[in-house]
Amino acid sequence: MRHPGRAAALAMMLALAGCSGGEGQQMAGPEQVHYDDAAAAVKQRADAVAEVLAVPLAEPYFSAPPCEDPQGNPSRTGVYHIHGSFTLPVGDRVGDVLRAAHSHFTDRGFEVRGITWFDDGSGDLRATSPDGFAYALLATSSPDALALWVDSPCYQAPAGAGDPSRWVPRFPSAERTPDR
């Protein structure tokens, strides 16, 4: 039996609870995820892209900025997303790498914006996975490298997780206690 009123109420609650991270992402829900676990998911996705493109990841950088509330203000309730930034040393294969990434994302059902080509032969590509991770391959000042950005959906930080601006990534390991 269907309950259209319940579905509408649920949709309204989800819209009111939403946030945007990275490139206008909508909150995937108030799922509680520790910064380290979210960073590990971002790193796994970056590794997978690098593997498909046959390019090593270099210069990893992670941050945990707040998501935005529905009014566009930074969340003050511990809702954040992980931003991972990497360099892809692609040599003279910039165009080939962008086309391969476009095909990879398209074949997997991602929402893909076309490649924006620049006069120097470099370009930008943006895609969003069905589960809300945002990807960007971006031209850099170096003609033989691309930047890879991977942004997680928005998550709720667990109680006691600390200030995200002071977070330093430590990927999950056996030593980490489950209450963190």
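The side chains of Asp-96 and Arg-99 meet in a salt bridge with an N to O distance of 3.2 Å, the term being used for a side-chain nitrogen of Lys or Arg within 4 Å of a carboxyl oxygen of Asp or Glu. Asp-96 counts as partly exposed at 49% relative accessibility, and Arg-99 is likewise partly exposed, with a relative accessible area of 43%; in this scheme buried means under 20% relative accessible area, exposed means over 50%, and partly exposed lies in between (1.4 Å probe, protein chains only).

This is a predicted model, in which local features need pLDDT of at least 70 and side-chain atom pairs count only at pLDDT 80 or more, while totals for chains, interfaces and linings use all residues. Residues are numbered from 1 along each chain as its sequence is written, and side-chain values use heavy atoms, with hydrogens and water left out.

By the salt-bridge rule the count comes to three. Side chains of opposite charge can pair when their charged atoms come close. One of these bridges joins the side chains of Lys-43 and Asp-47, at 2.7 Å from N to O, and both residues lie in helix α2 (residues 35-53), four residues apart, about one turn of the helix. Lys-43 counts as partly exposed at 26% relative accessibility, and Asp-47 counts as partly exposed at 33%.

Another bridge links Asp-131 with Arg-45, whose closest N and O atoms are 2.6 Å apart. Asp-131 lies in the loop between β6 (123-128) and β7 (134-139), whereas Arg-45 lies in helix α2, so the pair ties together parts that are 86 residues apart in sequence. Asp-131, at 40% relative accessibility, counts as partly exposed, and Arg-45 is also partly exposed, with a relative accessible area of 22%.

## Packing of α2 against α3

Helices α2 and α3 pack at an angle of about 120°, with their axes 10 Å apart; here axes are lines fitted to C-alpha atoms, for helices over the stretch in contact, and angles run from 0 to 180 degrees between N-to-C directions. That angle makes α2 oblique to α3, since angles under 35 degrees count as roughly parallel, over 145 as roughly antiparallel, 65 to 115 as roughly perpendicular and the rest as oblique.

The crossing in which α2 passes α3 is right-handed, a crossing being left-handed if the near helix is turned anticlockwise from the far one by less than a right angle, and right-handed if clockwise. On the α2 side the contact (heavy atoms within 4.5 Å) is made by Val-49, Val-52 and Leu-53, and on the α3 side by Val-97, Ala-100, Ala-101, His-104 and Phe-105.

Cys-67 lies in the loop between β1 (58-63) and β2 (79-80) and Cys-154 in the loop between β8 (145-151) and β9 (155-156), so the pair ties together parts that are 87 residues apart in sequence. The torsion about the S-S bond of Cys-67 and Cys-154 is about -110°, and the disulfide is therefore left-handed. Cys-67 is buried, with a relative accessible area of 0%, and Cys-154 is buried with a relative accessible area of 0%.

Ser-75 also has its place in the loop between β1 and β2, and at 15% relative accessibility Ser-75 counts as buried. Leaving aside neighbours within four places in sequence, Ser-75 is in contact with Pro-66, Cys-67, Glu-68 and Asp-69, while Ser-75 and Pro-65, 10 residues apart in sequence, are 9.3 Å apart in space from C-alpha to C-alpha.

## Positive phi outside glycine

Ala-54 has a positive phi of about 55° although Ala-54 is not a glycine. Ala-54 is placed in the loop between α2 and β1 and is exposed, with a relative accessible area of 60%.

For Glu-59, phi is near 50°, again a positive value in a residue other than glycine. Glu-59 is found in strand β1 and is exposed, with a relative accessible area of 61%.

Technical notes: Disulfide = S-S within 2.5 Å. Helix = DSSP H or I, 4+ residues; strand = E, 2+ residues; numbered from the N terminus.
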